Amino acid sequence: MDWQESEDLAGAVRAAAAQLAEAGVQNPVLDAELLAGHLLGMGLGEVRAVALRGAQIPPGYPELVAQRVRRVPLQHLTGIAPFRHLELAVGPGVFIPRPETEIVAQAAIEELQRLVSCAQAPVGAPIAIDLGTGSGALALALASEVPEARVYAVELSALAAAWAERNIQRTGLAVTLQQADMREAFPELEGRADVVVSNPPYIPDEAVPVDPEVAEHDPELALYGGGPEGMTLPAAAAHRAAKLLRPGGYFIMEHAESQAAAARRVLLAEGFAEVEGHRDLTGRDRATGGRLAANGRKHGHQSERMST
């Protein structure tokens, strides 16, 4: 449908959805509505309501849809990515938070809440560290939902760290951010952390993401994990976590479904006990966590439990 054939918002959304579907966008109707809502300053329900009442097409809507047709990420066009209860500012240079990362946040939040309620943190407030924070999604989720925790985050990329700092400022949450290599982050906290989380880069070096939104717009530094299995940086995150955590401290990291067994081996080799996988809402093994054994790297043992 040509834009000239659409006289109101409802017709424009239908035309936009058709163009987006033809371009291979996964949720064309939803994206068409969200782009309209972005321009109108409305939520999804409001957009649908005003469309039924014959609202006019907002200025700039065809141009915004044209960018989405070219597979510019929706979040880059709206400037916002939802993550749990937060709305994070995102754009070029930073990895867009994904829903599957929320299972990492959930497990860490539950552990921090347990520490707070049982007063099990060794000294004062529990300490949580996010290795490779990107936009700040995990760190800010922890700080938001467990305000008693002291939350730290590290990010190597200057661009991504700038987005994280922006999100810290706009949310007003207490997160200490450091721009550095996660493999050397926070030496002053070694042996003191209660929880460490990470969503490290984990795509194998030779793999190319299918979706243009990922391949062309997510920064390579946030995608490729190193090596033929993509496990170099996930292994580095686990190694650093083992240094940062106190005995009994909890670590959880995201990975691809195909890397679940490799992630389990890495955690066991680093001295984590009670190692278990976590499934996302589609039933895929997308995260692995465990507790640092009291006697170090040679004494981890594997639990075959799987949480959902």
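Me: Which residues in α1 meet which residues in α2?
Reply: Leu9, Val13, Ala16, Ala17, Leu20 and Ala21 in α1 meet Pro28, Val29, Asp31, Ala32, Glu33, Ala36 and Leu40 in α2, where contact means heavy atoms within 4.5 Å. This is a predicted model, in which local features need pLDDT of at least 70, side-chain atom pairs count only at pLDDT 80 or more, and totals for chains, interfaces and linings use all residues. Residues are numbered from 1 along each chain as its sequence is written, and side-chain values use heavy atoms, with hydrogens and water left out.

Me: What makes α1 oblique to α2?
Reply: Helix α1 (residues 9-22) and helix α2 (residues 28-40) pack at an angle of about 130°, and their axes are 8 Å apart. That angle makes α1 oblique to α2, since angles under 35 degrees count as roughly parallel, over 145 as roughly antiparallel, 65 to 115 as roughly perpendicular and the rest as oblique.

Me: How many helices and strands does the chain have?
Reply: The secondary structure comes to 11 helices and 10 strands, where helices (H or I, at least four residues) and strands (E, at least two) are DSSP runs, numbered from the N terminus.

Me: Why is the chain called as compact as a globular protein of that length?
Reply: The radius of gyration is 21 Å, close to the 19 Å that the globule rule gives for 308 residues, so the chain is as compact as a globular protein of that length. The radius is taken over C-alpha atoms, and the rule is 2.2 Å times the number of residues to the power 0.38.

Me: What percentage of the 308 residues count as buried?
Reply: Of the 308 residues, 52% count as buried, that is, under 20% relative accessible area, with exposed over 50% and partly exposed in between (1.4 Å probe, protein chains only).

Technical notes. Axes fitted to C-alpha atoms, helices over the stretch in contact; angles between N-to-C directions.
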